[in-house]
Amino acid sequence: MDMLNTLLKTHADKDDIDFKSIWESGLFIFDSNVLLDLYRLPEEASNDLINVLRSQDFNNKIWIAFQVALEFLNNRHEIISDQKNKFNTVRSLVDDAISKYDEVFGSLSSELSKLKLKQRHSLINPDEFITQDNIDSGKAFLESFIEELSNLESQQSDVNDKDTIKNTVLSIFEGRIGDSLSKKELEEIYKTGERRYENKIPPGYKDKSKSGSYTVNDREFVRKYGDLILWKEVLKKAKSEDISYIVLVTGDVKEDWWLEKRGKKLGPRRELLNEIYSEAPNLKSFYLYDTSSFLRHAKKELRLDIRDSSISQAKDLIERSRLNRTVLEEGLYYLPEEIISAAQDMTNFRVGIGRSVKNLPPLKIGRYSLYNFLMEIFYNAVEHGVGNYIGVQAKRRDEITLLRFKNRISPDALPDETKINDSNLVTTALTRGFGLSSARNSMANEGIDLNTVTSEKSFVVELYIPNSHFYNEGM
């Protein structure tokens, strides 16, 4: 009979779960990702989550494992530092946009002056519109953004500032943090964990590549077994205190926690349910919420004033986390980052990346092939182009994405045998490194066609990338 009960509870449908009893008398356990999200979320959303944890009708139902407190305290500085670094990243992007703005109008004024419109045309008068005042006013909003960034940065905590979120979390969970597992229990986890990970028994096997450990007193907490340690603490809690309902609220999106079908999370993995119901047979329900769904249900069940925007922002954070993990695990990468990285290997070289490129999904092609191709394009722009600059744009089509690298060229700067009208231009313009022919072959090996377009003023290299090479489109 016990086995049948375990089987039925393990395969219970969502409609069979007594959510009313869960919210009335269940224990809500939070993982370290949820607590660390308090640093990542916008301030209003972070405050909404804190207010739920503090609320009078709910605070007596919360608990965190010792492993969660350990990971939260050890990882918070990394999150704070990352948030602080974002200001420099954004400032650099805006400064780059301002410099390009000046360059565009400088080039426009130069080209218009060559037309000698005042002498040769009675109606067209660009000087009436392209004035320094108009140019300055056009970029004023970017300069205002730079000022606002500085103001916001002064409000953003740094790693050496007082950590108010840390103090808030410790206050909320005071008396509600589990005791550490014993040294013997930890050693047993490390022995069995290796076998579990080899057989992909959840949770934790997706973290098998993590390195390092934390030390507290005489105990070593190996990082790659962090989720498994947390799980063992949850099992111990469920068994020793005879709890009826447990909900684990997690910011983790990995497959070693969630049962997922057709892109939808259906609840905990069956292996997790079988294990916890076997260890704690009196437990009626074990359930998972992600941070967003927890806030959504808390708004309804606790009748709290939680902003819909906070729920959406928590969901966005989870999706970004999912995408970033997929990028890491599947060998994907963001094309703009690869372009910027390659450009930084050039001296005094700039690259303009259009919004259309920045909006592309992560890509999977040979990184080495792409890097060598980019360097050929950049070298060509330096050798035969104008201003040590190249622009990149993208256009999405039904089956392919057209990626265009364009740089202005000066015919006077080219050798006689590579003048624009010479048919050899396409094959001689890219001569450094392994050459355009090899670049074309390299891209062909990735299933990508290459084409070149020349004019009197520009040289363009086009890549025709199948959309199946992008995340969520054939992968």
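Visitor: Which elements are included in what covers the buried residues of helix 10?
Guide: Helices and strands here are DSSP runs numbered from the N terminus (H or I for helices, at least four residues; E for strands, at least two). Buried means under 20% relative accessible area, exposed over 50% and partly exposed in between, with a 1.4 Å probe and protein chains only. Contact is heavy atoms within 4.5 Å. The cover includes strand 4 (219–222), helix 11 (226–240) and helix 12 (270–279).

Visitor: Before we go on, what kind of model is this?
Guide: Residues are numbered from 1 along each chain as its sequence is written, and side-chain values use heavy atoms, with hydrogens and water left out. Local features need pLDDT of at least 70, side-chain atom pairs count only at pLDDT 80 or more, and totals for chains, interfaces and linings use all residues, as this model is predicted.

Visitor: Back to helix 10, then. Where does it bend?
Guide: Its 16 residues (183–198) reach 23 Å from first C-alpha to last, close to the 22 Å expected at 1.5 Å a residue; that expected span is 1.5 Å times one less than the number of residues. A bend is the angle between axes fitted to the seven residues ending at a residue and the seven starting there. For helix 10 it comes to about 30°, at Thr-192.

Visitor: And which residues of helix 10 are buried?
Guide: An α-helix has 3.6 residues a turn, so residues three or four places apart point the same way. In helix 10, the buried ones are Leu-186, Ile-189, Tyr-190, Gly-193, Arg-196 and Tyr-197.

Visitor: Which residue takes a positive phi just after helix 10?
Guide: Helix 10 runs over residues 183–198. Just after it, a phi of about 50° turns up at Lys-200.

Visitor: Which residues does Thr-168 touch, leaving out those up to four places away in sequence?
Guide: Thr-168 sits in helix 9 (residues 164–172). It counts as buried because its relative accessibility is 16%. Over in helix 4 (residues 43–54), Ile-50 is one of the buried residues. Thr-168 touches Ile-50 and Arg-54.

Visitor: Is Gly-354 buried or exposed, and how far is its C-alpha from that of Gln-393?
Guide: You'll find Gly-354 in the loop between strand 9 (350–353) and helix 16 (355–358), and it is buried, at 8% relative accessible area. Beyond four places in sequence, Gly-354 touches Val-392 and Gln-393. Gly-354 and Gln-393 are 39 residues apart along the chain, yet the C-alpha separation is 5.2 Å.

Visitor: Which residues is Gly-251 in contact with, neighbours within four places aside?
Guide: Gly-251 lies in the loop between strand 5 (245–250) and strand 6 (258–261). It counts as buried because its relative accessibility is 10%. Its contacts are Asp-31, Asn-33, Val-34 and Thr-291.

Visitor: How much accessible area does the nonpolar patch of Leu-4, Leu-7 and Leu-8 have together?
Guide: Patches take residues with over 30% relative accessible area and no salt bridge, joining like charges within 9 Å and nonpolar side chains (Val, Leu, Ile, Met, Phe, Trp, Tyr) within 5 Å; a salt bridge is a side-chain nitrogen of Lys or Arg within 4 Å of a carboxyl oxygen of Asp or Glu. Leu-7, in helix 1 (residues 2–10), is partly exposed at 47%. By the Shrake-Rupley method with a 1.4 Å probe, where only the protein chains shown count as cover for residues, the patch has about 280 Å².

Visitor: Zooming out, what share of the 475 residues counts as buried?
Guide: The protein has 19 helices and 13 strands. It exposes about 25900 Å², with carbon and sulfur atoms supplying 46% of that. Of the 475 residues, the buried share is 44%.
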